[in-house]
Amino acid sequence: MIECKNVLKKYRRHTALEDFHCSIQENTITGVIGRNGAGKSTFMKLVAGYLKKSQGEVVVMGENPFTSLKVSANTIMIDDNMSLPISLTLGELLQSFALFYPNWNDSLANELMAYFKLSPKMYVQNLSKGMRSTFHAIIGFAARCPLTIYDEPTTGMDSAVRKDFYRALLKDYLAFPRTILLSSHHLEEIENLLEDVLIIHNQKAFMHLSISELKESVVAVKGSKVEVDRFVSMHEKLDYNETIPGTVMAVVKVSQYVHRENFPQLTFINLTANEAFIYLTDSQEGGIDRVFERNELV
Amino acid sequence: MSLNEMSLFDVVKKQLRLKFLSHHSIWLSLVGIQLFGILISAVATSSGSSSSGNIYTTSHVYSSTFLQIMTYIWIVGTSVYLALESSNRIDYTFVTTRLSQFISNVIFLIFIAAIGAFTAYFASSLIPLVQRLFVNGIILNTSFTFVEHIMNITGTFGYILLFASTTYLVVVLFQFNRFIPLGFLVLYSLANVLLAKIGADSLIIPLYNFYEGESSLSLFLLKAFGLSTILLASAWFVNRSKEVRY
């Protein structure tokens with residue numbers, strides 16, 4: 001469905017994506033994860049055809065998405081910057097979307113509007129940030145586009161609505177499988193939904209793997225300094241802390257499955273996908289604590 | 001899920017429908033501005049009085065020029081609004097491409113230019129009605145044949161279309177690079193200063209004569225459509241590979 005090869009995207013002097021490669025299969029839910037400014041939104045806008053690549057190849061549905069009618073007709077991008085005509089009521093807006101999207105499910109849109117207590121007579125400019133995001137999400141569900149892109153769709157939503165959104169997304173996907181790209185700052189909330197994760201880090205596609213592979217790729221161990229050091233030396237060190245003298249806790253990136261039974265002196269700690277992501281993309285070992293430690297030394 | 005095929009014609013049709021539905025303010029402003037034009041036009045542009053024995057006559061001349069100027073101002077404002085990226089971004093929330101957006105904008109502009117021309121012309125016929133309400137006296141109307149009516153409307157439409165396409169291009173250029181229209185303005189002013197120094201006419205005079213001096217309606221329309229096509233095609237050339245949003 002989506003193929004990116006050696007993509008470069010520059011905004012004047014600023015590079016948003018570089019040497020970017022990825023391949024996203026049809027009918028999968030892929031989480032697009034990255035730190036702020038990593039290039040997630042740029043990637044999604046390139047795929048939606050809103051932006052023009054500076055170099056490389058972006059192919060969506062077999063075409064260059066920029067100015068492609070086929071891609072536009074089969075893609076919907078939901079984010080908090082959606083521009084909607086303010087003269088139309090929510091009900092009229094839904095009717096307008098129904099006009100453009102042939103798979104539009106009117107009854108689903110109306111049911112969701114009622115569930116989230118959004119009156120069709122309201123105007124979008126009178127909605128709160130969370131309600132506006134909810135309305136955008138309803139459009140995303142009801143449009144049933146072969147490629148649905150959600151860029152931070154839960155911005156402003158309270159936790160109950162976020163929970164409902166994720167549940168609705170999963171149910172809708174199971175009923176009508178399609179290709180979904182979902183970016184969120186709350187990986188811990190969406191990890192159960194995702195089949196694959198595309199981690200964008202430092203403007204590159206850093207990792208593209210399944211959620212279980214992501215969890216398995218990062219291992220936290222605790223034990224005596226000697227044993228932990230021996231284990232760490234075999235892998236890529238991500239974090240290392242001597243919690244009490246002689247006892248160390250380390251986080252490493254492993255390239256292959258670790259047989260824990262081979263290290264009986266070590267305690268293995270299971271990490272969530274979100275923790276694994278944070279360790280993998282942490283710019284500096286020791287994180288923010290290290291900054292304060294350095295500051296205290298001065 | 002299978003992919004949907006949509007033709008350019010289909011998308012343009014849908015976009016036009018959305019534009020007609022969502023741009024309430026354009027129609028409201030047209031009504032407002034023409035009502036204002038009618039009221040201002042109810043003030044005489046020239047007056048005169050004469051007497052012969054015991055008979056005193058006072059004559060007032062009323063013209064719809066102000067109403068037409070107001071309609072031109074309206075089309076300029078509307079064209080600015082339609083050419084703005086913030087308005088065009090709405091199209092991209094739905095199905096669109098730069099081409100379909102451009103075509104739908106042009107058709108919409110032509111349509112509203114026609115509506116503006118019709119309403120301006122018919123609103124001018126309301127001026128004598130307003131006079132009947134407030135003025136005691138004999139009202140003499142300039143009477144036109146049906147063909148003359150059509151010619152007047154068509155002429156107004158040509159001017160409105162020229163204003164619309166010029167404004168559209170200026171806004172597109174300004175959004176592309178704000179120094180381009182300013183550069184043109186500076187060049188134009190400099191050229192006029194130089195022409196004035198050598199005693200020649202301003203640059204606008206030949207252009208004005210080219211249109212205003214045209215006595216044949218069909219030739220005038222040809223000139224108006226020709227220039228509008230060049231202006232709008234230039235706007236398309238600038239906008240065709242512009243990104244939608246950052």
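Predicted model: local features only at pLDDT ≥ 70, side-chain atom pairs only at ≥ 80, totals over all residues.
Chain B contains 10 helices and 2 strands. Read from the N terminus, its elements follow the order α-α-β-β-α-α-α-α-α-α-α-α. Along the principal axes, the C-alpha atoms of chain B occupy a box of roughly 90 × 55 × 30 Å. Of the 246 residues in chain B, 30% are buried. When contacts in chain B between residues at least 6 apart in sequence are considered, 76% join residues at least 24 apart.

Two packed helices are described by the angle between their axes and the distance between the axes. In chain B, helix α2 (residues 24–41) packs with helix α5 (residues 98–124) at an angle of about 25°, and their axes are 10 Å apart. Because angles under 35 degrees count as roughly parallel, α2(B) is roughly parallel to α5(B). The crossing of α2(B) with α5(B) is right-handed. On the α2(B) side, the contact is made by Ile26(B), Leu30(B), Gln34(B), Gly37(B) and Ile38(B); α5(B) contributes Ile112(B), Gly116(B), Thr119(B), Ala120(B) and Ala123(B). The residues of this contact comprise 6 nonpolar, 4 polar and no charged.

Between the chains, 29 residues of chain A are in contact with 28 residues of chain B. On the side of chain A that touches chain B, α2 (69–73) and α3 (90–100) of chain A each supply at least two residues. The most is given by α3(A), with 5 residues. By residue class, this side of chain A divides into 17 nonpolar, 8 polar and 4 charged.

Terms used
Residues numbered from 1 in each chain as written. Chains lettered and ligands numbered in written order. Helix = DSSP H or I, 4+ residues; strand = E, 2+ residues; numbered from the N terminus. Buried ≥ 20, exposed ≤ 12 C-beta atoms within 10 Å, placed from the backbone. Contact = placed C-beta atoms within 7 Å. Nonpolar A, V, L, I, M, F, W, Y, C, P; charged D, E, K, R; others polar. Axes fitted to C-alpha atoms, helices over the stretch in contact; angles between N-to-C directions. Parallel < 35°, antiparallel > 145°, perpendicular 65-115°, else oblique. Left-handed = near helix turned anticlockwise from the far one by under 90°.
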